[in-house]
Amino acid sequence: MPDKTDQPEEIIVEKEEEVDVLDAPSPDEDGLVLARKVLPVQIPLVPLTRRPLFPNMTVPLVVDRPALRKVIAERAEGHHRFVGLVLARQQEREDAVPELYPVGVVVEILKVTHTTPDGAIQAIVQALARFEIATILETQPVIVARVRYIKETALPLSEEVKAYAISIINSLKELIQLNPLHKEELSIFMSHSNLHEPGRLTDFAAALTSSSPRELQEILETVDILERQKKALLLIKKEIEVSRLQVKIGKQIEEKLSKQQREFFLREQLKAIKKELGLEKEGKEAEAEKFEQRMKKLDLPDEARERIDEELEKLKLLEPASPEFAVTHTYLDWLTILPWGVFTKDNYNIKKAERILHRDHYGLDDVKERILEFLSVGIMKGNISGSILCFVGPPGVGKTSVGRSIAESIGRNFYRFSIGGIRDEAEIKGHRRTYIGALPGKFIQTMKVCKSANPVIMLDEIDKIGASYRGDPASALLEVLDPEQNRDFLDHYLDVRFDLSNVFFICTANQLDTIPRPLLDRMEVIKLPGYIMEEKLQIARKYLIPKQLHEHGIDRSRLLVTSRAIREIIDGYAREPGVRGVEKHIKKIMRKSVRRMVEGEGARITIDRKEVREILGRRRFHDDGFRKKPIPGVAMGLAWTSMGGDTLHIEATKVKTGRAAFKQTGQLGKVMVESSEIAYTYVRSLLNDNDQARQMFDNYAIHLHVPAGATPKDGPSAGITMATALYSLAVNKPVPTALAMTGELTLTGRIMPVGGIKEKTIAAKRAKIKTVVFPTENRKDVEELPEHVRKDLEPRYVESFPEVVALCFGTSA
């Protein structure tokens with residue numbers, strides 16, 4: 001036996017041990033073979049978790065399990081340096097015995113290199129041959145198995161095997177071009193192998209791919225060379241496609257990064273050039289200088305100046321890429337863009353104000369008078385600021401346009417926004433800056449738009465403001481509309497007090513009932529009741545028709561709308577208090593006329609009453625039948641609604657039942673039901689001495705109805721109308737058709753005063769009523785009505801119901 005010092009790596013063992021011989025070596029004359037050519041059939045197994053190892057590969061192996069570390073260390077120091085490496089299937093528990101695939105490789109431990117900080121050891125191992133697990137002998141502390149080695153027999157190199165080998169080599173070269181990481185490894189392999197080793201080439205090609213552990217294990221378990229080549233070539237082709245996609249993605253990212261880098265460098269160069277030439281300062285410095293220039297033009301209070309200075313210092317310390325920079329910049333932008341101490345000069349010319357009001361609006365003389373008185377007081381004291389007007393009236397009577405005319409007459413900027421439906425308090429007082437996307441409230445935004453601290457701000461639909469879990473906007477408005485508080489208005493976003501006391505506020509509403517009382521107390525209410533037919537006629541002639549002619553591109557000489565046509569529109573299609581309905585019907589007439597002009601039906605078109613009916617169709621409003629033929633049991637009353645005044649027909653009839661009964665219909669409210677019961681009781685007591693009437697009440701059921709049953713109604717002012725209808729039914733005498741009435745009736749027959757006199761009077765004029773019965777205590781209200789409203793109207797004043805009977809039936813009760 002040779003000395004160990006001569007051949008230290010080639011230990012000689014006797015052939016009779018339980019071993020297998022690698023590559024069928026030939027023993028020498030003494031029956032001995034080299035130990036590295038002899039493989040034991042009983043070896044410890046090391047489970048692999050990521051991917052299997054192929055024969056003829058030298059790789060580092062890291063072992064962290066204590067039992068396996070001990071085995072590796074002992075084997076590395078001994079003569080039998082062999083262990084098996086087998087891919088393990090996925091397991092749910094780490095401490096369980098792993099389930100192994102049936103085929104693995106035997107490796108020789110060449111060297112233990114070092115121990116890692118966590119106690120694991122790293123060894124260099126060389127894979128020698130495939131094996132198949134025959135029997136598991138032990139599972140603890142490590143897995144020990146009896147194995148059967150799979151030897152590759154030397155086969156003749158067929159043309160098919162050679163062709164596959166060449167395809168694999170060409171594919172590997174293509175893969176190396178796409179992914180040069182394995183270039184050196186392939187060069188070394190190609191220098192030590194050739195086409196006569198197709199199995200080794202196939203194993204190496206499969207190992208280069210990033211295929212799944214299961215696909216690689218399938219290559220390892222395939223013994224047939226040709227079949228293994230087919231599977232390996234398929235994996236390499238897949239790898240080439242993946243590499244091509246990686247290269248494409250990499251190029252796209254590189255191009256994008258290159259473009260961004262190029263733009264970045266160019267911007268930096270441009271910034272440096274401008275800085276050297278003094279053309280432009282750095283972005284942060286330019287912004288700070290912009291805010292400082294704004295400050296010089298403003299008359300800032302001390303609180304605002306201190307806050308701006310603090311924020312400017314903070315801005316100079318922040319990086320532009322910081323999120324805090326954007327927040328601070330936006331805040332400074334709001335603080336410095338507001339009109340601190342910037343005012344427009346008021347125009348104290350009352351004649352000009354009167355001229356503008358008369359130019360823009362027809363009628364409304366009492367409203368214009370109130371406005372001019374209000375402006376006169378402001379002119380006298382030298383300050384119109386801090387005033388709050390509230391225009392109340394039905395839709396379409398000109399509330400918004402009157403506000404715009406006031407702003408023009410005093411020379412102030414005008415801004416209008418609707419607060420109807422606002423449910424969030426932050427809409428009034430702003431959001432706190434802690435929220436993303438926070439903004440100041442509507443009033444601070446308005447000041448920014450108007451660019452002056454004394455604009456005219458119109459708050460439309462203040463009676464429709466809402467409330468929700470986000471707060472009560474109406475309560476927030478108290479601070480805004482109170483002259484004693486709004487000089488120190490604090491917006492949540494600004495967190496700096498802003499003076500709103502110089503703002504002229506104008507509010508609009510359709511009714512006062514839904515406006516909170518504390519808010520209403522801060523306003524001066526001016527009512528716009530609506531228009532009578534003559535006023536609507538003049539408004540249509542002077543304003544609406546010229547406006548629509550211009551908007552439809554019609555020359556005045558080509559279309560004539562007669563006064564009779566306008567009266568037909570107003571009386572038959574648009575009896576509401578405002579003029580919006582009149583304008584809509586005029587638009588329809590214009591559209592029809594334009595079409596006729598385009599189709600060539602004459603150079604001049606005249607619209608008269610006949611044409612109106614042809615274009616607009618059937619009339620919406622008709623004179624009531626009883627107006628032509630009076631009927632006992634029917635009386636006309638006057639009512640107030642949020643849409644203005646209206647006429648109210650009350651009907652009574654009787655049904656013989658043999659006993660007394662009384663019922664009411666027509667969606668009457670609680671107060672109106674009580675009024676009807678008072679009227680029924682009073683009329684019965686009044687006619688108690690009339691045998692015919694007493695017999696009727698005792699033997700008939702009385703039914704009182706207020707038409708338009710789909711509309712809810714309430715209020716006490718229909719008391720005398722109900723009593724008159726019942727009295728007319730009892731005495732079987734009709735009420736004159738040209739007579740209407742309003743007033744509250746008591747149980748003793750007294751007539752109490754009511755409200756809404758102007759609206760009710762206009763409604764009577766619109767219905768062509770000549771005689772109107774009012775309570776005596778409302779005489780002053782009637783006498784204060786404009787002359788054109790009282791014209792051709794015969795008011796009668798009564799204190800008790802017998803006086804009403806005398807007016808209606810010419811007899812005493």
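A residue is called buried here when its relative accessible area is under 20%, exposed when over 50%, and partly exposed in between (1.4 Å probe, protein chains only). The model is predicted, so to speak of local features requires pLDDT of at least 70 and side-chain atom pairs count only at pLDDT 80 or more, while totals for chains, interfaces and linings use all residues. Residues are numbered from 1 along each chain as its sequence is written, and side-chain values use heavy atoms, with hydrogens and water left out.

We turn to the ring pairs. The structure holds 13 aromatic pairs (Phe, Tyr and six-membered Trp rings with centres within 6.5 Å; stacked under 30 degrees between planes, edge-to-face over 60, tilted for the rest). Helices (H or I, at least four residues) and strands (E, at least two) are DSSP runs, numbered from the N terminus. Phe-443 is buried at 0% relative accessible area, and Phe-505 is likewise buried at 0%.

Another edge-to-face pair joins Tyr-682 and Phe-801, at 5.7 Å and 85 degrees. Tyr-682 sits in helix α22 (residues 670–686) and Phe-801 in helix α28 (residues 801–809), 119 residues apart. Tyr-682 is buried, with a relative accessible area of 8%, and Phe-801 is buried at 1%.
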